[in-house]
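Please look over the sequence and the 3D structure shown here. A short report comes after them.

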Amino acid sequence: MARRPIALVTAAVLFLEAPGIVALNAVMARFVEAQSMSLDGLDPDHMVTGTWALGIVSGVLLALCATVALITGIRDRRPGRAGRALLIGCAVVHGVLGAVTIGLIGWGAFAFMTVVLGLIVLTLVTYGKGADALEEAAAPA
């Protein structure tokens, strides 16, 4: 089965997405700063700081998810409990953001988010609890 390549491709996509999300938040922070935007009277400087913080934290978490997928692919063993929880959380976020991007950005962004969601879920499923038993049963003796 192609478990290892799926996990490695998932890791590569997430590693590429991490700086992309930081850059996207940097652009949004720049717009907020240039236009002195605020929400309901909040200080625009706090909005800029919050946008940067969200971008950096999101990028770090995506890189962490990519590292879990990379280690999973290299070792060819299922991730531990914390790694699975991290990948599940990443999949949920991609699903929600994919639904939001249809209206805000368009179908292309939705397609990208759905592909990443599919890769994460496929990595989790191929390294599931019963996957090792099925692979051993299918292996020629």
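## Basis

The structure is a predicted model. Values given here were computed from that model.

## Helices H1 and H4

Helix H1 covers residues 3-35 and helix H4 covers residues 107-126. The axes of H1 and H4 come within 9 Å of each other, and the angle at which they cross is roughly 140 degrees. The crossing of H1 past H4 is left-handed.

On the H1 side, the contact is made by Arg 3, Ile 6, Ala 7, Val 9, Thr 10, Val 13, Leu 14 and Glu 17. On the H4 side, the residues are Phe 112, Met 113, Val 116, Leu 119, Ile 120, Leu 122, Thr 123 and Thr 126. Sorted by type, the residues of this contact comprise 11 nonpolar, 3 polar and 2 charged.

## The aromatic pair

How many aromatic pairs does a search of the whole structure find? The search finds 1. The pair consists of Trp 107 and Phe 110, whose ring centres are 5.5 Å apart. Their ring planes stand at 90 degrees, so the pair is edge-to-face; the cut-off for that class is over 60 degrees.

Both Trp 107 and Phe 110 belong to helix H4, where they are 3 residues apart, or about one turn of the helix. Trp 107 has 59% relative accessibility and so counts as exposed. Phe 110 has 27% and therefore counts as partly exposed.

## His 94 in helix H3

Helix H3 spans residues 81-104 and includes His 94. Is His 94 buried or exposed? Its relative accessible area is 3%, so His 94 is buried; the limit for that class is under 20%.

Leaving aside residues up to four places away in sequence, His 94 touches Leu 14, Glu 17, Leu 62, Met 113, Val 116, Leu 117 and Ile 120. Among these, Leu 14 and Glu 17 also take part in the contact from the H1 side, and Met 113, Val 116 and Ile 120 from the H4 side.

## Ala 85 in helix H3

Ala 85 is also placed in helix H3. With a relative accessible area of 47%, Ala 85 is partly exposed. Ala 85 and Ala 12 are separated by 73 residues in sequence, and their C-alpha atoms are 19 Å apart in space.

Key:
Residues numbered from 1 in each chain as written. Predicted model: local features only at pLDDT ≥ 70, side-chain atom pairs only at ≥ 80, totals over all residues. Heavy atoms only, no water. Axes fitted to C-alpha atoms, helices over the stretch in contact; angles between N-to-C directions. Helix = DSSP H or I, 4+ residues; strand = E, 2+ residues; numbered from the N terminus. Left-handed = near helix turned anticlockwise from the far one by under 90°. Contact = heavy atoms within 4.5 Å. Nonpolar A, V, L, I, M, F, W, Y, C, P; charged D, E, K, R; others polar. Phe/Tyr/Trp six-rings, centres within 6.5 Å; stacked < 30°, edge-to-face > 60°. Buried < 20%, exposed > 50% of the residue type's maximum accessible area, 1.4 Å probe, protein only.
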